[in-house]
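Me: I would like to go through the labels used for this protein and see what each one rests on. Please give the value, then the cut-off, then the conclusion.

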Amino acid sequence: MDNFFSKNSLQFSEMLDADSEFIPLLSLEEEQLWAEEKIPSSLPVLPLRNMVLFPGVVMPITVNREKSIKLVRDVYKKNKIIAVVSQKDAEIEEPVFDDLYKVGTFANILKVLQMPDGSTTVIIQGKKRLELLTLINAEPYFQCEVEAFDKPSKHKSDQQFKALIATITDLALQIVKLSPNIPTEASFALQNIDSPVFLINFIASNLNISNTQKQELLEMVSLQD
């Protein structure tokens, strides 16, 4: 229970400098704009070893591999958009295309930070799901043809669905209340999420389950499921 929420995805506010604004939760209006946004036909691909990025979720990651560092630096100078996918096996140091899951997330690089220990931390926010189609280049980093993976939402906008969402929120808040190791930001976030899609993504991102299970959730088409 204490590990329901991951510190990695919640405790990053101290990384932002004093001039940065608080990163808001995803609103219904932003969600609609992102749903209408066109994903480029090709994108640089950032592999993650121990994480799964969900749409709407803001996540800090540490990049150590030379390919990843070059990708982040190149993209941050330009449009700041990338494809983020997870590795099937986190132990592989230098993955090839077949080592990557093909469903990932279209994401935006919000900030790049050089840490005191010399490492590079990147704060990214998922926008919508995508699928890798074919590999264009493997050097100096992965560049792939991609397409949107999201299908039209089929969940019912009836009282039963609203009750289900309310129950999920209440259960999550109870876990936060009973777990002293979970930061208070978690309760604030849950109470201020007005999008059912983002609520599900936020909780799925922070569940204390394996990355394989999170990947399965990311690939599910039905929000109600």
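This is a predicted model: local features need pLDDT of at least 70, side-chain atom pairs count only at pLDDT 80 or more; totals for chains, interfaces and linings use all residues.

Me: Why are Glu37 and Lys127 called a salt bridge?
Reply: The N to O distance between the two side chains is 2.9 Å. The label needs a side-chain nitrogen of Lys or Arg within 4 Å of a carboxyl oxygen of Asp or Glu, so Glu37 and Lys127 qualify. The structure holds 4 salt bridges, this pair among them.

Me: What are the two parts of the chain that Glu37 and Lys127 link?
Reply: Glu37 sits in the loop between helix H2 (28–36) and strand E1 (42–48), and Lys127 in strand E5 (residues 120–137). The two residues are 90 residues apart.

Me: Why does Lys127 count as buried, and what does Glu37 count as?
Reply: Lys127 has a relative accessible area of 15%. Buried means under 20%, so Lys127 is buried. Glu37 is at 27%, which lies between the 20% and 50% limits, so Glu37 is partly exposed.

Me: What makes Arg49 and Glu93 a salt bridge?
Reply: Their closest N and O atoms are 3.0 Å apart, and the limit is 4 Å, so the label applies. Arg49 is in the loop between E1 and strand E2 (58–63), while Glu93 is in the loop between strand E3 (81–86) and strand E4 (103–114), 44 residues apart. Arg49 has a relative accessible area of 28% and Glu93 is at 42%, so each counts as partly exposed.

Me: How do you know that Lys67 forms a salt bridge with Glu139?
Reply: The closest N and O atoms of Lys67 and Glu139 are 3.1 Å apart, which is within 4 Å, so the pair is a salt bridge.

Me: Is Glu139 buried or exposed?
Reply: Glu139 is at 53% relative accessibility; exposed means over 50%, so Glu139 is exposed. Lys67, with 25%, is partly exposed.

Me: Why are the buried residues of helix H7 said to be on the same side?
Reply: The buried residues of H7 (residues 211–218) are Lys214, Gln215 and Leu218. They cover an arc of only 100 degrees around the axis, which means that they lie on the same side of H7. What covers them includes E3, E4, E5 and H6.

Me: What makes H6 mostly covered?
Reply: In H6, 8 of its 11 residues are buried, among them Phe198, Leu199 and Phe202.

Me: How do helix H4 and helix H6 pack?
Reply: H4 (residues 159–178) and H6 (residues 196–206) pack at an angle of about 35 degrees, with axes 11 Å apart. Their crossing is left-handed. Residues in contact include Phe161 and Ile165 in H4, and Leu199 and Ile203 in H6. The residues of this contact divide into 8 nonpolar, 1 polar and no charged.

Notes:
Residues are numbered from 1 along each chain as its sequence is written. Side-chain values use heavy atoms; hydrogens and water are left out. Axes are lines fitted to C-alpha atoms, for helices over the stretch in contact, and angles run from 0 to 180 degrees between N-to-C directions. Helices (H or I, at least four residues) and strands (E, at least two) are DSSP runs, numbered from the N terminus. A crossing is left-handed if the near helix is turned anticlockwise from the far one by less than a right angle, and right-handed if clockwise. Contact means heavy atoms within 4.5 Å. Ala, Val, Leu, Ile, Met, Phe, Trp, Tyr, Cys and Pro count as nonpolar, Asp, Glu, Lys and Arg as charged, and the others, Gly among them, as polar. Buried means under 20% relative accessible area, exposed over 50%, partly exposed in between (1.4 Å probe, protein chains only). The arc is that of the directions from the helix axis to the C-beta atoms.
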